[in-house]
Amino acid sequence: MDHDGRRRIDPQGVPETLLWNLHQRAYEARQPHPVLDDPKAIELVERVDRPCEETFGPPSRLLSQGQALRVRTFDDAVRAFLREHPRGTVVTLAEGVETQFWRVDNGRAHWLCVELPETAKVRRALLPDGERRRTPARSALALSWRDEVDASHGVLVTAQGLLMYLRPAEVRQLIAGCAEAFPGGALVFDAVPRWFGERTLRGEMKTARGYVTPPMPWALDAGELPKIRTAHPAVTRGARTAAATRTRRVLRRGLARAAAAAGGAQHPADHGRPGPVRPDRRTAPRTPSAARPLRTVKQRARR
Ligand SMILES: C[S@@+](CC[C@H](N)C(=O)[O-])C[C@H]1O[C@@H](n2cnc3c(N)ncnc32)[C@H](O)[C@@H]1O
């Protein structure tokens, strides 16, 4: 329901976390020298009738900058992909009310924003779909969204702020599904370190206002990346950690989500956690329109 021209939204559980991200991005974008230019986030936060501060507390410069750096890492990966595949398809799993399209779109690429039905409704209301950007309302885990992807000009799948909320078996299923469907494609995801995930499971991650971070059953320590590179026949090496150096500097060890940029889709080791790896062209099922492998993912926020 609209109130004073603003739209009331009240997502709960994991979907509620999209508000935290928007809140932090808009706060950072308002700074005199932001690490992320995001005028659309500022516009959006003003159109939303939901007092984020009551739930999450006031944003801090430290957290908002860390959040913005994480976002920049994803933006850099998408820009690198679009340079090589200007007509490619960017699949954004769990896009929430991210405004990345308005930051990085090249006017030619296609976007598929896969979201849970309740969030897709909010997103479409606030950020209506366009000719090249659609929001299928379904769980990323349904995998049927893959049928809607035009892979003929290359595919990049991003999962920003999603995998940590899934169970390990679900992460495995999702990554395997990407690897099988998009040989030569790439997946970019972020993860929380294990100690952080464990604290969320114990309900210990709280804001000063008492907001408790939802449980994050899946976590990945950066040092675990190598063991997953040979985890599945549909993936090859190519894993790269893209945790922004600056993010680490600003947030210190573990506070940031370690953003991992992948040179390809991934699959977890049976005993471990997935990391970014490249689909193996020798074993992955091929499609006639298989995209050329993404070679380069920009990894550092430059400021
Ligand atoms: C932390 S927010 C991230 C939103 C956005 N990517 C960002 O970084 O601002 C988590 C998002 O995951 C979405 N989500 C949770 N489970 C999902 C699923 N199974 N499939 C698709 N989206 C999901 C929620 O609706 C929510 O938008």
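1. In this predicted model, the element that gives the most to the shell around the ligand is helix 1, residues 17-29, with four residues.

2. Domain 1 (2-61) and domain 2 (70-262) each supply at least three residues to the shell around the ligand.

3. By class, nine residues of this shell are nonpolar, seven are polar and five are charged. Of the 21 residues around the ligand, those that come nearest are A94, E115, T119, A140 and Q160.

4. Three of these residues deserve attention for their polar atoms. T119 places a polar side-chain atom 2.8 Å from an oxygen atom of the ligand. For Q160, a polar backbone atom lies 2.8 Å from a nitrogen atom of the ligand.

5. How much of the ligand's accessible area does the protein cover? On its own, the ligand has 590 Å² of accessible area, and the protein covers 97% of this.

6. As to location, the ligand sits in the second largest pocket.

Notes: Residues numbered from 1 in each chain as written. Predicted model: local features only at pLDDT ≥ 70, side-chain atom pairs only at ≥ 80, totals over all residues. Heavy atoms only, no water. Near = heavy atom within 4 Å. Polar contact = N/O pair within 3.5 Å; in protein donor to acceptor, adjacent residues only side chain to side chain. Areas by Shrake-Rupley, 256 points an atom, 1.4 Å probe, with all protein chains shown as cover. 1 Å grid on protein atoms, 1.4 Å probe; cavity = no way out; pocket = protein on both sides within 12 Å on 5 of 7 lines; lining within 4 Å. Sits in = over half its atoms within 2 Å of the grid points. Helix = DSSP H or I, 4+ residues; strand = E, 2+ residues; numbered from the N terminus. Nonpolar A, V, L, I, M, F, W, Y, C, P; charged D, E, K, R; others polar. Domains from an automatic or database assignment.
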